[in-house]
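Here are a few notes from my look through this one. Have the structure open while you read.

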Amino acid sequence: MHMKQADLIARMHAQGHTIVETIKAVRKEFSLSLGEAKIQVSNHPAWADIVRAAEPLHDALERAAACDEFRGLHLAEMEIRRIPWSTLRQAGGTAEQVPHA
């Protein structure tokens, strides 16, 4: 018998797992795509503070992605290219906005 997604998400949060670990577990347990699992976890009230804290960084990454130098790259490619924080700062982000696990 499968436990409900919301129950698994709440339990993992209460046990101190990271949001990434929770997304991976939900994906595996319920055979979801990565995107679907991310949506389920990020929409759960247990993770609201983390999701809200990450919004400025996501916004900054989107603005940086709009720069000609990075146009068309996926986030993973941007991470591989190690976009300097100076670029993110110009787009309105700060290193302090990175959620620490």
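1. Start with how α2 and α3 pack: the angle between them is about 120 degrees, and their axes lie 9 Å apart. Keep in mind that this is a predicted model. Angles over 145 degrees would count as roughly antiparallel and 65 to 115 as roughly perpendicular, so α2 and α3 come out as oblique to each other. Their crossing is right-handed.

2. Which residues make the contact between α2 and α3? From α2 you have Ile19, Thr22, Ile23, Val26 and Arg27, and on the α3 side they meet Leu34, Ala37, Lys38 and Val41.

3. Now α2 by itself. This helix covers residues 19-30, which is 12 residues, and at 1.5 Å a residue they should span 16 Å.

4. Look at what α2 hides: Thr22, Ile23, Val26 and Phe30 are buried. These four take up an arc of only 100 degrees around the axis, which means they sit on the same side of α2. The cover over the buried residues of α2 includes α1 (5-14) as well as α3 (34-42).

How values were computed:
Residues numbered from 1 in each chain as written. Predicted model: local features only at pLDDT ≥ 70, side-chain atom pairs only at ≥ 80, totals over all residues. Heavy atoms only, no water. Helix = DSSP H or I, 4+ residues; strand = E, 2+ residues; numbered from the N terminus. Expected span 1.5 Å × (residues − 1). Buried < 20%, exposed > 50% of the residue type's maximum accessible area, 1.4 Å probe, protein only. Arc of directions from axis to C-beta. Contact = heavy atoms within 4.5 Å. Axes fitted to C-alpha atoms, helices over the stretch in contact; angles between N-to-C directions. Parallel < 35°, antiparallel > 145°, perpendicular 65-115°, else oblique. Left-handed = near helix turned anticlockwise from the far one by under 90°.
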